[in-house]
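Please read it alongside the structure shown here.

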Amino acid sequence: MNFDNNVLFVIYGTDYMAMTEELLARAGLDERIRTKCGTEKIRIGIKPNLVAPVPAEEGATTHPQVVEGLIRYLKKHGYENLVIMESSWVGDRTEDAFDLCGYYALAEKYGVELLDMKKAAARKIDCAGMELIVCEPALQVDFLINVPVLKGHCQTRMTCALKNMKGLLPDSQKRAFHRMGLHAPIGHLSAGIRQDFILVDSICGDLSFEDGGNPVQQDRLMAAFDPVLCDAWCCYLLHIPVEEVLYIGYAAACGCGSPDISHAVVTELNDPIRDMDLSSAGKALRLSEIAEDVESCSACYGALMPALNRLQEEGLLDNLQEKICIGQGYRGKKGKLGVGNCTCHFDHYLPGCPPTEQEMYEFIKQYSS
């Protein structure tokens, strides 16, 4: 079995559960676990992406069929102490995502523990010279399997393996990440929470917005062992220069992997069943020029971008003269136009922490008319 961390495995198809089990077998997950942890009973953590209560078909959340295939594989190999750990972004309830995305039913069917990290104890740890607060259950597993969604992100261009670990933080630390500029703390976090195996859901990720709504059907799953290489390879797939996703460089500098895809050994287990449409990949970047973002939280900024997209498609942004201010950096400051409670001293602002996409849409539409 080749245990080199520069290997990536790829499989295509539409039977996501069966694809998952075949991919894990070919990638040697059982051998990986036994090599690291031995044969004694161990606790395995599973970290999906449930950023919000959005069906996986909309391109934001990890397909439950993929996690079910993972659980079936692990149980077939004798692993019973399994825990699914996640917290939705600030402003949404993880329980709602567990429910709508089918994870309560999945946990009950297979007797798997389900933990909401918003309710977990947390403690400060050293992450390659940066102290960050991490939920304790993430530090108590013997083997961590990351199951991110490959998708676009309106603040960091893309999100996959590295950024998905942010769901293992308390909400207060998530807010702090935005005040710190996102990229550096995401990179350092990779040194504090080590990923042992990465199973990428690249079935229909939204290539513009992290909260979904514009899915791009790809019908692909990937397995990787190096989160830095994984994200660098995903940048290549999305035609994004790796240097534009700054947290990849930070993670590499922290010694958490290599971004050099020229050394990647990619094994495709079968042929792609469709071409990938990248036409929507730069949409969020273009829309971001309308906003003035200073340390905004993902949930707030993530609601603004789809609202602006709707307004643009309806031709309602043509009369907008001011940029829309958003983010924690505007607290206590004055300005013309803002969204969210952080801009409460502005002449025109929309309250909410965060306001909903619909509220932002209606507020900006009324202001610009």
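Angles between axes count as roughly parallel under 35 degrees, roughly antiparallel over 145, roughly perpendicular from 65 to 115, and oblique for the rest. The model is predicted. Helix 13 (residues 298–313) and helix 14 (residues 357–368) pack at an angle of about 50 degrees, and they are therefore oblique to each other.

**Helix 13 and helix 14**

- The axes of helix 13 and helix 14 lie 8 Å apart.
- Helix 13 crosses helix 14 in a right-handed sense.
- On the helix 13 side, the contact is made by Cys 300, Ala 303, Leu 304, Pro 306, Ala 307, Leu 308, Arg 310 and Leu 311. On the helix 14 side, Glu 357, Gln 358, Met 360, Tyr 361, Ile 364 and Lys 365 take part.
- Sorted by class, this contact between helix 13 and helix 14 has 10 nonpolar, one polar and three charged residues.

**Helix 3 and helix 5**

- Helix 3 and helix 5 (residues 103–110) have axes that come within 11 Å and cross at roughly 15 degrees. That angle makes helix 3 roughly parallel to helix 5.
- The crossing of helix 3 and helix 5 is right-handed.
- Helix 3 contributes Pro 64, Val 67, Glu 68, Ile 71, Arg 72 and Lys 75, which meet Tyr 103, Leu 106, Lys 109 and Tyr 110 of helix 5.
- The contact of helix 3 with helix 5 has six nonpolar, no polar and four charged residues.

**Helix 1 and its surroundings**

- Helix 1 (residues 16–27) has 12 residues and reaches 16 Å from its first C-alpha to its last, close to the 16 Å expected at 1.5 Å a residue.
- The buried residues in helix 1 are Tyr 16, Met 19, Thr 20, Glu 21, Leu 23, Leu 24 and Ala 27.
- An α-helix has 3.6 residues a turn, so residues three or four places apart point the same way.
- Among the elements covering the buried residues of helix 1 are strand 1 (7–12), helix 2 (29–37), helix 3 (64–76), strand 10 (197–202) and strand 11 (220–224).
- Gly 28 follows helix 1 and has a positive phi, near 70 degrees.

**Asp 30 in helix 2**

- Asp 30 is placed in helix 2, and its 10% relative accessibility makes it count as buried.
- Leaving aside neighbours within four places in sequence, Asp 30 is in contact with Tyr 73, His 77 and Tyr 79.
- Asp 30 and Lys 76 are 46 residues apart in sequence, while their C-alpha atoms are 9.9 Å apart in space.

**Backbone details in loops**

- Most residues other than glycine have a negative phi, and most peptide bonds are trans.
- Ala 128, although not a glycine, has a positive phi of about 55 degrees. Ala 128 sits in the loop between strand 5 (122–127) and strand 6 (130–135) and is partly exposed, with a relative accessible area of 37%.
- Leu 182 is not a glycine either, and has a positive phi of about 65 degrees. Leu 182 sits in the loop between helix 8 (171–179) and helix 9 (183–192) and counts as buried at 5% relative accessibility.
- The peptide bond from Cys 353 to Pro 354 is cis, with omega near 0 degrees. Pro 354 belongs to the loop between strand 16 (348–350) and helix 14.

Notes:
Residues are numbered from 1 along each chain as its sequence is written. This is a predicted model: local features need pLDDT of at least 70, side-chain atom pairs count only at pLDDT 80 or more; totals for chains, interfaces and linings use all residues. Side-chain values use heavy atoms; hydrogens and water are left out. Axes are lines fitted to C-alpha atoms, for helices over the stretch in contact, and angles run from 0 to 180 degrees between N-to-C directions. Helices (H or I, at least four residues) and strands (E, at least two) are DSSP runs, numbered from the N terminus. A crossing is left-handed if the near helix is turned anticlockwise from the far one by less than a right angle, and right-handed if clockwise. Contact means heavy atoms within 4.5 Å. Ala, Val, Leu, Ile, Met, Phe, Trp, Tyr, Cys and Pro count as nonpolar, Asp, Glu, Lys and Arg as charged, and the others, Gly among them, as polar. The expected span of a helix is 1.5 Å times one less than its number of residues. Buried means under 20% relative accessible area, exposed over 50%, partly exposed in between (1.4 Å probe, protein chains only).
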